[in-house]
Amino acid sequence: MSAVREIPTPRETSDDAVPVLEVRDLERYFTTSGGVVRAVDGVSLTIGRGEVLGLVGESGSGKSTVGRCVVRLDEPTGGRIALKGTDITHLSRRALRPLRTDMHLVFQDPSSSLDPRMTTGQIVAEPLRLHRLVPKSGLRARVEELLGQVGLRPEHADRHPHELSGGQRQRISLARALSVAPDLLIADEPTSALDVSVQASVLNLLADLQRDRGFGCLFITHDLAAVEFLADRIAVMYLGRIVEEAPTAQLFAAPLHPYTQALLSAAPVPDPTTQRARERIVLHGDLPSPLSPPPGCHFHTRCPVAVDRCRTDVPELRELPGGRRVSCHLVDSGRPLDGRSPANSSPSGV
Amino acid sequence: MTATPDTVDVAAVSAAPAAAPRPGTLRTRLRALRRNRLALTGAVIAAVFVLAALCAPLLTPYDPAGPDFDAALAPPSWAHWLGTDDLGRDQLSRVIYGARASMQVGLLAVVLAFLIGVPLGLAAGYYGKYADSAVSRLTDTLLAFPFLVLAVGLAAVLGPSLLNATLAIGISQVPAVIRITRAETLRLKHLDYVGAAIVNGGGDGTVLARHILPNATSALIVQATVGIPAAIIGEALLSFLGLGVQPPAPSLGVMLAGAQPFLGPAPWMAVFPGLAIVAATLAFNLLGDGLRDVLDPRGGTR
Amino acid sequence: MSTAPHASDAPGAPGAPVLSVRDLSVSFRSDTRTVHAVDSLSYDVAPGEVLAIVGESGCGKSVTSMAVMGLLPPTATVTGSVRLGGRELAGAAEKELEKVRGKDLAMIFQEPMTSLNPVLTVGRQIGEVLRRHQGLTRKEAREKAVELLALVGIPAPERRVAEYPHQLSGGMRQRVMIAIAVACDPAVLIADEPTTALDVTVQAGILEVLQSLRERLGTALVLITHDLGVVADAADRVLVMYAGRAVEQAPVDELFAAPRHPYTRGLLGAVLRPGQEGKRRLPEIPGLVPSLTAQPDACTFADRCTHADERCGAERPPLIPESGHRVACWHPVTEPAATPSAGHEEAAR
């Protein structure tokens with residue numbers, strides 16, 4: 001077991017310069033009876049140590065597939081995934097197992113991500129047992145410690161998932177993920193299935209743990225407000241491709257891609273005065289079928305400012321100053337399109 | 001306006017008291033089963049049969065194979081509750097021993113079918129691709145042989161016996177077990193908690209043994225309660241045709257076969273073993289239906 | 001956006017509500033326990049008004065609307081009164097209700113796919129309602145269906161009318177559901193989480209459709225949602241529910257500017273606001289929602305409330321005053337809402 005481990009990346013040599021996660025040109029094509037679906041179509045991402053990258057997109061954007069490919073629950077059909085410098089794209093399941101202590105995952109639906117037949121204690125202990133991280137005698141104590149870290153009491157270890165509330169289940173999920181002390185946490189819509197007040201407590205917990213433990217995090221969500229709360233950088237996906245990436249504050253202050261602008265403007269602000277005064281960009285039409293994505297820029301069918309070139313040429317994801325990337329023919333130098341930045345109408349200004 | 005209102009509000013209501021135990025635990029399910037009258041009746045009759053089979057030597061007043069020509073073809077009486085057959089053998093003793101044979105075959109055949117079918121179904125469902133195609137071919141091949149042909153073949157090669165009848169019945173049930181295990185595995189392997197087990201670092205063995213198989217047990221239990229009565233009937237049929245239990249050893253099928261010439265003068269010879277078969281089959285089917293209602297995760301909330 | 005309801009379109013006196021719910025209680029009995037999903041709920045909806053019913057899962061907001069529609073299963077016990085334009089619906093015969101449902105009182109659900117019949121064309125499904133309630137011929141119904149599809153913003157309605165639900169996207173299906181719901185020009189439309197299953201960019205379009213329907217047809221809308229952003233966008237008045245009871249009811253601006261019930265405050269504090277600067281700690285509401293098996297003579301929020309005292313645990317607070325900004329709390333908060341950035345200190349204690 002340890003022999004396998006030393007060949008890829010011994011922990012000693014890995015320094016801060018090696019990103020926790022590096023994804024290059026990731027592709028995940030599904031062959032269906034109707035043709036090839038390009039769920040993920042050339043996505044590149046980098047997450048540094050202790051960095052939180054928000055991956056935002058609507059349903060069908062392929063954001064969850066990226067996450068599942070990274071933890072290899074889904075098999076990429078192209079590209080490269082490196083975990084702390086080790087290429088894991090094509091490692092066999094067996095070869096990957098020792099590396100599983102470096103990454104873990106929190107799912108969206110807390111009711112289906114926990115085995116209903118196990119107690120929460122058994123659930124949290126499973127990674128510890130499988131990787132022999134803790135001697136058998138110390139298992140219970142370690143589990144109770146982990147439960148404490150996610151705000152649960154020791155006696156919760158003897159409950160079954162269905163005896164817990166949604167928020168508590170999501171805490172169990174987090175405790176399980178953190179039991180291996182991963183360097184990378186993939187959080188796939190961890191709060192989307194929760195109520196508003198519960199959502200707040202889980203986000204707080206995630207932020208606290210991230211600060212204390214310093215793990216890198218790929219935070220996948222459709223909720224812009226949640227991603228703003230947690231992420232250092234945000235990448236926006238549309239139909240399998242990243243259309244824009246920027247540091248969080250910049251993305252909200254001055255979104256460059258028309259899709260990002262529409263997304264920011266469509267999310268209603270919970271304040272009637274502000275919300276009703278906002279100018280909303282309503283996108284027309286629907287998400288095109290991923291079976292036959294439109295040529296050129298994928299977004300041109302719904303883009304309010306598309307020009308002829310957008311219908312034929314695929315825009316490149318270009319680097320802009322300030323660590324930004326955007327894929328739009330109309331963006332030259334980091335200047336927002338028609339000067340409109342919907343997020344400026346922030347509610348706190350009222 | 002055509003939506004299903006009951007699903008909407010039941011979900012809303014059951015989501016409310018999060019701390020209260022929800023339906024789905026084994027205990028609540030057993031309680032639900034106890035309330036189901038038919039299933040309970042089935043369970044009681046099935047238990048009586050199992051007990052009778054286990055304690056046959058203690059319960060039987062006469063030697064089931066011992067002839068008593070003085071009492072041949074006696075109608076039911078205090079001495080012989082269910083009458084006697086043409087050789088004067090006590091029908092009650094023979095029915096009890098016959099039930100014992102039925103139970104033996106029923107349970108053994110189902111165990112055999114599970115031992116073969118469950119691993120194959122798990123492999124087919126979990127690994128997919130080649131494993132799935134290979135298992136599918138096997139299933140198709142098995143299904144292509146009608147169970148009687150298989151039984152006749154086995155009897156021809158190995159000679160007729162209770163064991164070979166069991167073998168034939170067990171093999172004939174393998175495809176159903178494979179199908180249900182495979183379907184459950186396919187359903188379960190896409191659930192998040194199975195994904196989580198893989199991300200935990202679990203190998204295929206861990207995932208299958210700790211997460212998939214335990215969660216498939218409900219479906220498998222139901223399958224077993226369907227398989228047992230089918231095997232009981234199968235045993236009776238094979239024995240009736242002379243391919244199973246060999247006379248003079250008692251079996252419900254053998255008794256029916258032996259009763260044929262005496263249907264007029266001694267109808268009890270056919271009626272009681274027939275009733276026993278019906279009762280056993282019905283009992284397990286009722287129990288199975290009840291278990292299906294109780295164990296089905298979708299129906300579990302109701 | 002925030003236009004007042006068209007009083008001129010409204011039937012009856014301007015003050016008369018189209019839908020009036022009084023002391024509505026719903027309980028579900030099982031062998032082991034009784035769940036009181038809704039406890040003495042009352043509300044009015046004026047013609048052309050948008051009333052949002054807000055609350056978290058299990059608060060009874062969906063059950064309320066099912067009860068109003070008369071769609072609850074027989075296991076539910078419903079008491080109280082539901083009056084639609086002067087007609088009593090609670091306890092009415094199923095036959096009676098069938099005449100009202102889809103005609104005067106319509107409903108749309110969260111999941112448009114399961115609400116549409118997959119084997120019938122969209123046009124057939126819209127037409128069916130029209131033929132049943134308005135006695136139109138097949139041809140007339142189809143023409144009206146095309147009109148309705150255009151009304152809900154479906155492009156190329158002549159073509160879409162012949163399509164099947166699976167050929168449409170989620171947003172389009174929800175528009176079809178709306179078209180079916182408004183086909184007979186109902187006085188009240190109940191929308192149960194109409195945008196929850198949809199993406200935000202699609203949601204924006206649906207909200208606009210609902211808004212324009214209210215303006216063009218004068219339909220009163222009962223909008224059931226957990227999303228305070230949607231409330232802020234679309235509602236005139238808001239009813240906040242907690243554990244089966246109404247805890248606060250107010251015009252939308254007042255509710256957001258000066259929430260008076262501690263629960264409403266907590267909820268508004270916990271919600272994420274896009275575009276807020278910096279990372280702050282989100283205010284949480286401690287504790288769990290109480291189980292609904294008891295109907296205590298007390299405030300159901302008392303266990304989680306920092307303002308609670310003995311009275312809160314011993315006496316049920318009434319929803320007062322009779323109109324305007326109503327709150328069911330013995331110690332309503334009086335100071336105006338703090339800005340989101342300052343609000344958390346108070347809520348987080």
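This is a short walk through a predicted model, chain by chain.

Some ground rules. Residues are numbered from 1 along each chain as its sequence is written, and chains are lettered from A in the order in which they are written. Because the model is predicted, local features need pLDDT of at least 70 and side-chain atom pairs count only at pLDDT 80 or more, while totals for chains, interfaces and linings use all residues.

Confidence next. The model scores ipTM 0.83 and pTM 0.83. Chain C averages a pLDDT of 84; pLDDT is the predictor's confidence in each residue, from 0 to 100. In chain C, 90% of the residues score at least 70. Two stretches need care. Residues 1-13 of chain C have pLDDT below 50, with 20 contacts beyond near neighbours in sequence. Residues 339-349 of chain C are also below 50, with 24 such contacts. A contact means two C-beta atoms, placed from the backbone, within 7 Å.

Now chain A. The domain assignment, which is automatic or from a database, gives domain 1 (10-231) and domain 2 (258-326). Their C-alpha centres lie 29 Å apart. Eight residues of domain 1 and seven of domain 2 make the contact. On the domain 1 side, strand 2 (residues 35-47) of chain A gives the most, four residues. That side divides into three nonpolar, three polar and two charged residues. Here Ala, Val, Leu, Ile, Met, Phe, Trp, Tyr, Cys and Pro are nonpolar, Asp, Glu, Lys and Arg are charged, and the others, Gly among them, are polar.

Next, the sheet. Chain A has an open sheet of eight strands, order 6-7-8-3-9-10-12-11, with mixed pairing. Strands are DSSP runs of E, at least two residues, and helices are runs of H or I, at least four, both numbered from the N terminus. Two strands pair if DSSP finds at least two bridges between them. Which strands stand at the edges? Strand 6 (103-106) and strand 11 (318-320) of chain A do; each has a single partner strand, so one side of each lacks a neighbour in the sheet. The twist averages 20° from one strand to the next.

Strand 6 and strand 7 (residues 184-188) of chain A pair in the parallel sense over four bridges. A:Met103 has A:Leu184 of strand 7 as its bridge partner. Helix 6 (residues 166-178) of chain A packs on the sheet and touches both strands. The direction of helix 6 makes about 175° with that of strand 6. Axes are lines fitted to C-alpha atoms, for helices over the stretch in contact, and angles run from 0 to 180 degrees between N-to-C directions.

Chain B is another picture. Chain B has twelve helices and zero strands. Of its 302 residues, 46% count as buried. Buried means 20 or more other C-beta atoms within 10 Å of the residue's own, with C-beta atoms placed from the backbone. Among contacts in chain B with a separation of 6 or more, 70% join residues 24 or more positions apart.

Finally, chain C against chain A. The contact takes 42 residues from chain C and 39 from chain A. Helix 8 (200-217) of chain C is one of the elements giving two or more residues, and its six residues are the largest share of the chain C side. That side holds 19 nonpolar, 14 polar and nine charged residues. Helix 11 of chain C also contributes. How many residues of helix 11 (residues 262-270) of chain C are buried? Nine of its nine, including C:Tyr263 and C:Arg265.

Note on methods:
A residue is buried if 20 or more other C-beta atoms lie within 10 Å of its own, exposed if 12 or fewer, and partly exposed in between; C-beta atoms are placed from the backbone.
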